[in-house]
Amino acid sequence: LLSRIPQHRVKVIHAESLRRNPEETYHLIFNFLDVPQLDPALLSQRDVNVRPEGVLPDLDLCHPSHEGTLSRLKEIFATEYIEMQRLLELSGSPVPLSFQKRQTRCDRQHSESKK
């Protein structure tokens, strides 16, 4: 990406930043785009990347029966995690702790369900 588009025109933001700190993250985005800030009350905090409860297990990568597949995907994409973290750091965006630990939404889901 940065080989084709100048770094000053790219802002990389991890989705967790929007979930955990939506106002701050939108503020960074609007500043980067040099557009007026929106009223925080207008910003949606709906998480569009999470499947609703009751999804069939064969369609849900987070289902325990897919643990091996998830582990294999983490191995396959290990270098992409490293590159993505580098891009987040280069663009000045926060790198969420869960991302630094290479935790997926499935890992977060499993740890929350154990509480």
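Which residues are exposed on the other side of α4? They are T79 and I82, where exposed means over 50% relative accessible area, buried under 20% and partly exposed in between (1.4 Å probe, protein chains only). This is a predicted model, in which local features need pLDDT of at least 70, side-chain atom pairs count only at pLDDT 80 or more, and totals for chains, interfaces and linings use all residues. Residues are numbered from 1 along each chain as its sequence is written, and side-chain values use heavy atoms, with hydrogens and water left out.

**Helix α4**
- Helices are DSSP runs (H or I, at least four residues), numbered from the N terminus.
- The buried residues of α4 are Y81, Q85, L87 and L88.
- Seen down the axis of α4, these buried residues fall within an arc of 160° (taken from the directions from the helix axis to the C-beta atoms), so they line one face of the helix.
- After α4 comes G92, which has a positive phi near 80°.

**Nonpolar core**
- A nonpolar core is a set of buried Ala, Val, Leu, Ile, Met, Phe, Trp, Tyr and Cys residues joined through side-chain atoms within 4.5 Å.
- The largest one has seven residues: V10, V12, Y81, L87, L88, V95 and F99.
- α4 gives the most to this core, with three residues.

**Aromatic pair**
- Rings of Phe, Tyr and Trp (its six-membered ring) pair if their centres lie within 6.5 Å; planes under 30 degrees apart count as stacked, over 60 as edge-to-face and the rest as tilted.
- There are two aromatic pairs by this rule.
- The ring centres of Y26 and F30 are 6.0 Å apart and the planes at 25°, so this pair is stacked.

Key. Helices (H or I, at least four residues) and strands (E, at least two) are DSSP runs, numbered from the N terminus.
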